[in-house]
Amino acid sequence: MERKPDLCSPFNPRYNALRRTSAEIVSEARQSLRVQSTQRPFTPRDGHRHLFGQSSARAGRDNRPPSTFSLHAQNFDAPDSRPGSGTRLSPLDHKPKLPAPCHSEDPFKAFPKPPTDPLETKRGLAGARARLLRAGSVTTLPPVEGKTDGTVKERLNPGPGQKQPAAQRLPSSDHTELCSAPHKHGPRRAASESRMKQAAGDSDVRPTESRAEKTGAGSRDDTTGTAEDAEAVVWDNGIAPLLQQLQSVAGGSSAASVDRLCDLCDALYTTLAEADLLGRRSKRRSGILRTLFRLIDLNSAQLNLHIAKLCLALSVSGNNLLNICKLVFQISRSEDNDALFQNNSIIDSLLGVLSSEDVSSSGEALLYCVGTLKFLSGNCAVLKLLLDKNCMGVAQKLIKRLCTVEGEYFTVAGHILVQLTAALRNLADHPDSRPLFVSFSVLSELCEVLRFHRTDQDICTNISRIYSKLSSYSECRLALAQTPDCYQLFLEVLSKHHQKQDLVVRLLFTLGNLTAKGEEARQQLFQSEGCADTLLNLYDEYQRREDLSPPRMPCSVQEEDDVLVKLIRVLANMCIHPAVGPALAANSTCIQLLMETLELRCVQESEELLVNAAATINNLSFYQEQSSVLGRHRLTIAKLMLKLLLSSSMDAVLEATRVYGNLSQSVDVRDFIMQNKVHQFLVMLLDSKSAEVCFSACGVLTNLAQDSSSRVSLSEEGAAAKLVDCLRDLGPCDWQLAGQVCQVLWNMLSGGSELLLDSEEKEALQEILVTYSDEEEALSWIDNQDIRDYHKACWEIEFLPVSQKLVRMLQP
């Protein structure tokens, strides 16, 4: 939020070696043209965690991804170890790290292979390949029972009295990726197809002799065989026991069972990592994934996060990657689970997915992954964790990739950007994020997002919230102002989404922040194509009139006023520029809208709006060119200022007084002030303890005292005595005010009007002026050298010349 300068201490110390001149110091201290401040729009947090909230433009669309769904083990495909085409991949040239043998048997004992079925082999290779493509889901795979003597026993068609093996038994070493459609013929057909697959020569564990005959490279096959045997030892001694424990413990339903399963998952992850078998390196990866998928039906959020971490580490893809991301998303929807993410490295895995996956192949998975981060970033503790894990850098690279997406995936990219910009909106709340937004050029990247998705209301709204938060800080404001064509882009978005109040008010607040500090920003905005038309059209649309029903989305009176407050602030800031001010002062639509606001609103209901409107008129009234429309309506404006001057709001009184200070340069306005007894109220303001109020009142009285007929009226109201008191009480702390008081007295007492002061008042004034004319006496209370230099400059330029003239006038 922009803060108003401290009126009691307007000097800001400078510690550089370059000294400003006295004129520069005084000019910066109090300018007749003023920027306006206002509060940042308040954004209430959504109490529900959804992909797209109730206010989303996607709320009624059928093609948007759902926020709620159910996931079970049967939703996952059989593990994807090999391509569905049946094409064999080249062996991996790596050797797993061997753990110490747990028994004295041969450590290189081969993992048992299921026997082939000669009946299935006879059906031929073509039929076998066709049936392989119709493989079932993970829950329909045949249960396999392994023995340590190197044989595998499969039970098909159990006879009377025989027990079908449980589905939770340790799976076989089948590594073929199967389709997601359910198997139509049950375990028996699946087992037959598995045997047929081996007969067809498509087994992952193939005889070394056959491979040697085919490749003719015996030395390479020896190396490959050794690697496979080494992995088999890791499997037998480390992985298989853990999988068996997972299956046996899964039968329990107690909290202790869940904790034990989580510990086993951690141990499994560590074992795979130490053996360098993460990713797709393990030949038996499919068996691991089958076991993990079955555990999902236990419906434990804590356990499912461990499962998700393992599955992502094993590089699941396709439907399985989507379901894992959905699973994590589902867990993150409850705030009660936020602590689980703090105690699990799953966030690293999610950021890895965002860094590696592509929209064209994994768009929906990315969507749920980013949606998870959006939810988690609403938690302050997790938010800091995201920043520490370089979430900002990952987001910046993802934005770059998404901005290049076109064609059929453009809509999916838009869905992802809605979640990503919402997450960045939450990140912007943390102070540590601001340097990261600048260093990663995220503010400029978001402008590119606006450029490509300017028709997407949700994306534009989220980005406007980010900018409204960050533009209140100088480093972010500078980075945004240096983004090419950002002003033109903001105007186009405002024009496109003029009916969306929460978007409009935030972009206007951002433009107000940009134009509050820099002359270049004021000029660039005004010179952007369609600037005046866009802003004034918005002004006209949100101007509340009882006789009109604007054709836009309904909003409350407060929301309408909030838009106008931010919009008028932009106009007030822009017209400070010497090239912009005269152009706006000559714009009849602009002046008419400002006067209409003052006429339609009351101070009690719309105080900030009327104060900003008066401040804008004050800035525009500085320009007295012949083309000024405001100058031609000065009497109408003077009448409208009466409502503010007589209100109970001191801010409104102050702005109205400033307007009278500029308008009272004209004789007709001075006559209006005297005829309507406004001067009486101005004299009363001299009793204020506010230096700003007294200074503004003195500005009007200085102009009124030019007319001889007004001097007597001012004296009758006791203006001279109040001016002397003001000089005594406030002068030493504000030499600009002291100089203005002396100027009023000079105008009142010149032309033979010295008799307006009685002898006591004249002596008191002379004594004060003589005392203040001594530099050491006037500045004796200041210790800080920089502040002393400032006050000395004001004393020399603003006070001393006019006070010396006044002293000479008072001398007999």
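Buried here means under 20% relative accessible area, exposed over 50%, and partly exposed in between (1.4 Å probe, protein chains only). This is a predicted model, in which local features need pLDDT of at least 70, side-chain atom pairs count only at pLDDT 80 or more, and totals for chains, interfaces and linings use all residues. Residues are numbered from 1 along each chain as its sequence is written, and side-chain values use heavy atoms, leaving out hydrogens and water.

**View 1. The buried face of helix α33 (residues 678-685).** Helices are DSSP runs (H or I, at least four residues), numbered from the N terminus. Look for Val-678, His-679, Leu-682, Val-683 and Leu-685, the buried residues of α33. Down the helix axis they fall within an arc of 150° (taken from the directions from the axis to the C-beta atoms), so they line one face of α33. Among the helices they pack against are α30 (634-645) and α36 (719-730); contact means heavy atoms within 4.5 Å.

**View 2. The aromatic pair Phe-329 and Tyr-368.** Rings of Phe, Tyr and Trp (its six-membered ring) pair if their centres lie within 6.5 Å; planes under 30 degrees apart count as stacked, over 60 as edge-to-face and the rest as tilted. Here the centres are 5.1 Å apart and the planes at 70°, so the pair is edge-to-face. Phe-329 and Tyr-368 are both buried, and together with Phe-375 they form one aromatic cluster.

**View 3. The aromatic pair Tyr-772 and Phe-799.** With ring centres 6.0 Å apart and planes at 65°, this pair is also edge-to-face. Tyr-772 counts as buried at 10% relative accessibility, and Phe-799 does so at 0%.

Methods
Helix = DSSP H or I, 4+ residues; strand = E, 2+ residues; numbered from the N terminus.
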